[in-house]
Amino acid sequence: MYIQLVCNNKDVEQRLHQHFGSRHTITDFDKETGAIEVDAVIIVEPYVIKGQYLSICSIWKNYLLENQPETKLIVAGFNLRDQHSNYLNLLDLHDDYDLAAFIEAAPELSDEWDITHLQNGYDQVINKLRQFFTGHNNESIIDAVAKVRQVLNNAELSLYGSPSLEREIEPFSIIWEKRLYPKRNFFQHFYSRWHYYRDYFNSLPFYPLLKDARIENLIQGLADIFAQKKELSPEEIEVLEEKYRKLDPFNRIGEITDLFRRINSKYIAAESAGTILLIDDDPSFYQQLKEQLHNFTFEYIQDYRRLHDLDGTEEMDLILLDLELVKGEKKYSGLDWIAPLKEMFPKVPLAVVTVHTKELRDLARHTIQEEEANYFLDKSRFDAVKWRNIFVGLLAGNTYTLGDVLIFNQSRNWAAKSNILVVEDEKDWFDRYVELSKEYHFIQANTIQQALDLLARQSFDLIILDLLFKLEGKLVPSGFQLLEPWQKDYASIPLIIVTGDKSIPTATEVTQNGVEIVLYKEDFNAENWLEVIHREIEIKKLMDQRKGRL
């Protein structure tokens, strides 16, 4: 059996060669040659890039589906909990292990094959490269390259002339002074983007495409040119012109643009599994779904009054309806819209979404049995992988019983446990809190609005508030929005700020808002953090007891 091994842990790589090298032909992945035709690709994760523990299997899956659909993809690691049929637990290996039988039994790749959950607490390279392609401040890498190409085009016309555009040939000294040097910041922006993200490409099967395009040669050549000072001697101008002509940057930057587009469309940008209409007054929840459920295209209605404009001709595959469309006026006002939407879009499944409430079971029963909604989802139990699977099932026409829905949104008897509200949009961090202790009941709010909804409905013994939330791919300090309502209505609940921002202005603003405890993510220590949580809850219990005696 021919196997390509993708691994940057030398000890594991050596161990796999020792175990199976005599029975199989194992070729180590080389970025210079990229993916090769084999029976199976084994990816050992996490894959360490730039000091980060990452998963690269999603991009490899997309590549193999496009170019080598018969090749089996095996993900290997040390995750004891994973039961995926294509996951090879390296702790189970021994000299007599039948690797060929394991590979042959593994399912073949398909578009529906979900391997995103194989990672164990680390991010995915595909998310990093989505950031590279979609960009910062809504400027994609294609937009950044386009600005550079426009500058080079302008220089090209002056360098060689254009009778049709009535452009005369100019001396390179003029081109440098007036066409190139004043626009060097466009290139510097593009260069910074590439320099930061380029290491993420090294572990990927299509790296030879970048190598063949000599992208490093072009970018470094342009970097050397734009690094020159404005005032140059005639001799320096002559040397610079020779470098510029030899580099041929205008034509080559066009090739790079086309290459980026191909890579993004084929291997990075997920094909939309369907269009989801979200009807919800919380824009942060919309952003969360859009950023974490990349397989879907989202349409959004924030103001319920826009529902009157729908006529049934809109194309959508799933409707998500918040139960509280008119907060403060009518409780569960979304119930009034289930029947009209079902009548308007009879073939489109409809799922109800709401935050955790004491009436959750009754609401689920009512919406499904009486209102004939197709599903019911508790926002406070949002899980991107689980929700994605439900959405895919609904789009595929699967039907779910009330029992299925109640189990999915199952809640335990937490009466004897202290309730801790964790206002945090990163699932990995919420999982850390849950794993701290079984003594407490942790409830997650993914957005500030969800936190306010939960506080209005339930009693909590502690609030853990992250300051930074992802909004349109950027980290914004949304957590500060909770401090004023906390001071006004929930000051009796102790609050712990958790942040990755150690700046003095942030610390000052936190203390000015009456928060005494700030924990920094980079200093995370399970024992210490649990001690702080326990202390704050015990103090609140004592204060509540005193109030009860007065």
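Trainee: Which residues line the largest cavity?

Mentor: A cavity is a set of points on a 1 Å grid over the protein atoms alone where a 1.4 Å probe fits but cannot get out, and lining residues have an atom within 4 Å of a point. The lining of the largest cavity is made up of I3, L5, L16, F20, I26, I42 and L99.

Trainee: What should I know about the model itself?

Mentor: This is a predicted model, in which local features need pLDDT of at least 70 and side-chain atom pairs count only at pLDDT 80 or more, while totals for chains, interfaces and linings use all residues. Residues are numbered from 1 along each chain as its sequence is written, and side-chain values use heavy atoms, with hydrogens and water left out.

Trainee: Which elements give two or more residues to the lining of the largest cavity?

Mentor: Elements are DSSP runs numbered from the N terminus: helices are H or I with at least four residues, strands E with at least two. Two or more lining residues of the largest cavity come from each of β1 (2–6) and α1 (10–20).

Trainee: How much space lies in the largest cavity?

Mentor: Grid points are joined across faces, edges and corners, and a volume is the space filled by probe spheres set on the points. By this rule there is one cavity of 30 Å³ or more. The space in the largest cavity is about 40 Å³.

Trainee: How are α4 and α7 oriented to each other?

Mentor: Axes are lines fitted to C-alpha atoms, for helices over the stretch in contact, and angles run from 0 to 180 degrees between N-to-C directions. The axes of α4 (residues 125–134) and α7 (residues 184–197) come within 11 Å and cross at roughly 175 degrees. Angles over 145 degrees count as roughly antiparallel, so α4 and α7 are roughly antiparallel.

Trainee: Which residues make the contact of α4 with α7?

Mentor: Contact means heavy atoms within 4.5 Å. On the α4 side these are K128, Q131 and F132, and on the α7 side R193, W194 and Y197.

Trainee: How are α5 and α10 oriented to each other?

Mentor: Helix α5 (residues 141–160) and helix α10 (residues 234–247) pack at about 110 degrees, with their axes 13 Å apart. Since 65 to 115 degrees counts as roughly perpendicular, α5 is therefore, relative to α10, roughly perpendicular.

Trainee: Which residues of α10 meet α5?

Mentor: From α5 come L152, A155, L159 and Y160. Their partners in α10 are E241, Y244 and R245.

Key: Angles under 35 degrees count as roughly parallel, over 145 as roughly antiparallel, 65 to 115 as roughly perpendicular and the rest as oblique. On a 1 Å grid over the protein atoms alone, a cavity is a set of points where a 1.4 Å probe fits but cannot get out, and a pocket is an open set with protein on both sides within 12 Å along at least five of seven lines; lining residues have an atom within 4 Å of a point.
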